[in-house]
Amino acid sequence: MAAELKQIFIFLAIIFLIIFIAPAVLAQNSIFFNGENITAQIHTINQNGELLIKARDLAELLNTKLSWQPALKSLEMKSEGVNIKLMAASTYIQIGNNAIKTKSGLQLVDNQAYVPLAKTIEAFGYLLEYQQDNQELYIYQPETTIRDVSWQEDGNQLRIKMNEITPYRVLHSEDGRTITIEIDKARIDKEFSDNVSNNNYYLKVVNVPNRALLRLIIKSKNPIPFQLDGGVYETDDALILSFLPQLKRIYFNANNELNIQATGEIGDPEIEYLNDGQEMLVDIPSVVTGNYQLDLQDNPLVKSVKVIQKSLDPVVLRVKVQFSKGEVFQPLNNVNSNILSFRPGQRAQITNLDYHSGQLSFYASSALKPELFLLTKPPRLVINLFNTERGSGVRDQLKINDSKLKRVRTARFDDQTVRLVADLASLTNYELTEHKESGLFKYTISFKNQFKSITSQANQNYQYLNIDLTGKTDYEIKKFNYPHRLVIDFKNTYNNLDQLKLPEYYAPLVKDIRSSNYMLEGEEVTRLVFELSNYYSHKIESPPGSSQIKIALARKYFNESEKIEPQIKDHLIVVDAGHGGFDPGAIGRNGLNEKSCNLAIALKVRNILKAKGHNVLLTRSKDNFLSLQKRVKFANKINAEIFVSIHANSFTNPSSGGVETHYNNANPASRLFAEKIHDKLGRSLGINDRGIKESNFYVIKYTKMPSVLVEVAFLSNPREEKLLGSSKFQQKAASLIVDGILDYLEEKEGR
Ligand SMILES: [Zn+2]
């Protein structure tokens, strides 16, 4: 095999020489040997379009033994197992046991033997590279030898074993069916195409004669599951190409379990049941179709199995199983990480269907994947329970007639599906929860109120807050001071505030509105917080248990006898998240918007300061646009004590990075404030410290209080973009900013 291959190379080299070098070589060439220009040191002639070199020069160059037998007019060259013979008047070169035809063969000129340069040199295992545009011929000693190419890890890796890793390129064809590995200055040791070629793959090795490189071309009838990113790595003596696992086999085992096996580890699949459980879709990430075996042995439970490559970016394999009527297959926990197993499931029993205070519940004897969907006319919620049957405590109809539900009907939808239909008073949100209770699975569907609108109107004396809900709700109003806020806790209410259009300003009395959810005595509570700019008296003007809540805030007291303590001077800190709304600010290479990381950090600064009992206001707490003028006006109007604006930097050069703190001399105290903040950020944020800078940013120039603008990191730097998007880094930046703020306030107070 080896000899044959060598012959092929030499043959290719001949063709190449005839086509490319021959005419060019007639002109004046520069010849380089291992990078050194040797044109002046050697003697060459052109004959029949072939470049010949003086045999003695060549022997010296290649450090070979040369012997000349005058009687036979034959020349012999020997080096490391290669033996070459040429005879005058013959156009053949004898290389070992093979004879190769050349154009000129051995020529005698002025009593000196000349031999064909290219063929002789290649016979000794050297590589030629001819650069046609500048007519330079390069001779290289191969820098590496490829010893073996073979599959590893059950066909998930291709190992190219070589003496040394020389520069290489891996190219993936557009249709994904060809991978070309180009290895510079490499030669091969033996034939190894057969090691690699199999049902799926075909390997071809091409010596690219005019470019001193080897090409390993792998072709497949299917797209090759290779991802350039992370798909190639090097060891000391090998280049490894990693492939994604392929589907290997789909079969039933002895326990009548359906198994999907891949050549490598299978990640978490997504499993979906369609057509009332008669069809199962298993979407498996990062696995590709291969030459798999389908081994169903006419199992009566399965009608058909289809495999498709659902997508290549990301790579998802879909196995579609159609069941014969009656049985559903349920996933088992993986024992072998290369296999997904499914067991024919028994029907689960549904028991004890019950409803009270907005919650519909039932039990199942095994875990279900209920399918829920809303229908609008009339409003109803449909709950499909696949592979189940009705047990005790499940009547055909459950009459309810409260503010949310009229009734619940149940029926066997088909021979394997129980269907529940909840007739709703009006379309509403719901939430499905599952928990285990004494060996059974309890499913609870909570029907919730939600917010219809929150509006506010003000007159000279009062500001009214109107909260409109979809149903009557339990709520509790509390008021807290320093910071001044009005807090309303709603029970059984879905927090849909981010879907509502809220006014940007609740001025004059309300500064901000936010919401959160927390658990109170095992029940989830939605909390609405109105941040007030000062202490205001309040009065609830709606009757209790209403779905419309109306609250009046007053600058003067509603109850004249009500006394409040004198106002304590407190630090009021304004944190400004740069950009917002249609203004994204800088955009990272991977798409992160400055506006959102600014906001995330600003919110974290606020939360830390609040947790420490400080009075903080944000210029924006949502993704909305706010002009620079408005930001400044806001801080000046409420007489903030200090102002921090948060931004992220950007530059054309992606390697630029680090943290900067900016101040403006309009307020002489800003410099100290910047120093205090940057002292923390520059030292401890873990990225380049770019120092403090005096700048003319609008928000730090026109705010009356000490103010700084922090450029936390560079969005244009991919590493820092990743950091800016991480909650951990945001939290770190926020807490360092807070440390700086507190340092500044402390020092200022100490004076
Ligand atoms: Zn910015």
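Glutamate 594 has a relative accessibility of 3% in this predicted model, and because buried means under 20% relative accessible area, the residue counts as buried. Its OE atom is one of the protein donors of the zinc ion, together with NE2 of His579 and ND1 of His647. These donors lie 2.1 to 2.2 Å from the zinc ion. Along the sequence, the donor residues follow the spacing H-x14-E-x52-H. Histidine 579 and glutamate 594 link distant parts of the chain, 15 residues apart. Histidine 579 sits in the loop between strand E50 (572–577) and helix H6 (594–611), whereas glutamate 594 belongs to helix H6.

The domain assignment of the protein chain is as follows.

| Domain | Residues |
|---|---|
| domain 1 | residues 2–140 |
| domain 2 | residues 144–242 |
| domain 3 | residues 247–344 |
| domain 4 | residues 358–427 |
| domain 5 | residues 448–554 |
| domain 6 | residues 572–750 |

Between the C-alpha centres of domain 3 and domain 5 the distance is 51 Å.

When residues up to four places away in sequence are not counted, leucine 332 touches Glu257, Ser341 and Arg343. The C-alpha atoms of leucine 332 and phenylalanine 342 are 5.6 Å apart in space, with the two residues ten apart in sequence.

Conventions:
Residues are numbered from 1 along each chain as its sequence is written. This is a predicted model: local features need pLDDT of at least 70, side-chain atom pairs count only at pLDDT 80 or more; totals for chains, interfaces and linings use all residues. Side-chain values use heavy atoms; hydrogens and water are left out. Contact means heavy atoms within 4.5 Å. Donors are N, O and S atoms within 2.8 Å of the metal (3.2 Å for Na, K and Ca); water is not among the atoms, so sites may look incomplete. Helices (H or I, at least four residues) and strands (E, at least two) are DSSP runs, numbered from the N terminus. Buried means under 20% relative accessible area, exposed over 50%, partly exposed in between (1.4 Å probe, protein chains only). Domain bounds come from an automatic or database domain assignment.
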